[in-house]
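Open the model in your viewer and keep the sequence panel beside it. This tour goes from one selection to the next and says what is there.

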Amino acid sequence: MFDEVVTKGIKNNKTDAFLLDIFCKKNKIRVFSLDKKHSKISKNLVNRYGLDFGEAESIALAIQLKKNCILMDESLGRNIAKIFDIKPNGTLRFILELYNKNEINEAKVKFSIEELLGKNFRLDTEVLVKFWELYTILP
């Protein structure tokens, strides 16, 4: 999953990939591998639901690590995660949480959102309005 999200994302100039890479290098995000059992689950998710490998591996890893939340923007993956009682959080929530923890500053928040929008990141207008509402009430 790291290769699909971070390595390929950086090659494709994806803003969230750069953020994730920074936090991996700072040891704020750890990288895990799927065991054999959960690798099979991942492949089954791809075959059964048509998920991309990255989303399938993310869900399988959350199951393996017994986590109840996941970072995922793709709607099919989010719906499949919910089947396994895994709460999907998106890139915008990730950005808000980083800002709230003083991991990124106001300029980086605005730059990240502009980058996402400039790269055809599919985003519902209502979601973006809610993001800015939440952003303005944070300390």
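Start with Thr91. Setting aside neighbours within four places in sequence, Thr91 is in contact with Asp16, Leu71, Asp73, Leu116 and Phe121. Contact here means heavy atoms within 4.5 Å. Thr91 sits in helix α6. Helices (H or I, at least four residues) and strands (E, at least two) are DSSP runs, numbered from the N terminus. Is Thr91 buried or exposed? Thr91 counts as buried, at 3% relative accessibility. Buried means under 20% relative accessible area, exposed over 50%, and partly exposed in between (1.4 Å probe, protein chains only).

A word on the model before moving on. It is a predicted model, in which local features need pLDDT of at least 70 and side-chain atom pairs count only at pLDDT 80 or more, while totals for chains, interfaces and linings use all residues. Residues are numbered from 1 along each chain as its sequence is written, and side-chain values use heavy atoms, with hydrogens and water left out.

**Stop 1: helix α3**

Select residues 36-49, which are α3. This helix has 14 residues. From its first C-alpha to its last, α3 reaches 20 Å, close to the 20 Å expected at 1.5 Å a residue. The expected span is 1.5 Å times one less than the number of residues.

Colour His38, Ser42, Leu45 and Val46. These are the buried residues of α3. Look down the helix axis: the buried residues fall within an arc of 95°, so they line one face of α3. The arc is that of the directions from the helix axis to the C-beta atoms. An α-helix has 3.6 residues a turn, so residues three or four places apart point the same way.

What do the buried residues of α3 pack against? They pack against α4 (53-64) and α5. Now turn to the other side of α3. Lys36, Lys37, Lys40, Asn47 and Arg48 are exposed there.

Stay on α3 and pick Ile41, which lies in this helix. Ile41 is partly exposed, at 23% relative accessibility. Beyond its neighbours within four places in sequence, Ile41 is in contact with Ala60 and Ile63. Draw a distance from Ile41 to Asp85. They are 44 residues apart in sequence and 15 Å apart in space, C-alpha to C-alpha.

**Stop 2: the salt bridges**

How many salt bridges are there? The count comes to three. A salt bridge is a side-chain nitrogen of Lys or Arg within 4 Å of a carboxyl oxygen of Asp or Glu.

Select Asp21 and Lys25. Their side chains meet in a salt bridge at 3.0 Å, N to O. Both residues lie in helix α2 (residues 15-25), four residues apart, about one turn of the helix. Asp21 is buried, with a relative accessible area of 15%. Lys25 is exposed, at 64% relative accessibility.

Next, select Lys28 and Glu103. Their salt bridge is 3.3 Å, N to O. This pair links distant parts of the chain, 75 residues apart. Lys28 is in the loop between α2 and α3, and Glu103 is in the loop between α6 (91-100) and α7 (106-118). Glu103 is partly exposed, with a relative accessible area of 28%.

Move to α7 and select Lys110 and Glu106. The closest N and O atoms of this salt bridge are 3.0 Å apart. Both residues lie in α7, four residues apart, about one turn of the helix. Lys110 is partly exposed at 35% relative accessible area, and Glu106 is partly exposed at 38%.

**Stop 3: a surface patch**

Show the surface and select Tyr49, Ile83 and Phe84. They make a nonpolar surface patch of about 270 Å². Patches are made of residues with over 30% relative accessible area and no salt bridge: like charges are joined within 9 Å, nonpolar side chains (Val, Leu, Ile, Met, Phe, Trp, Tyr) within 5 Å. Accessible areas come from the Shrake-Rupley method with a 1.4 Å probe; for residues, only the protein chains shown count as cover. Ile83 lies in helix α5 (residues 75-83). Ile83 is exposed, with a relative accessible area of 53%.

**Stop 4: two backbone angles**

Most residues other than glycine have a negative phi. Select Asn13. Its phi is near 60°, a positive value. Asn13 is in the loop between α1 (2-11) and α2, and is partly exposed at 41% relative accessibility.

Finish at Lys66. Its phi is near 55°, also positive. Lys66 is in the loop between α4 and β1 (69-71). Lys66 counts as exposed, at 75% relative accessibility.
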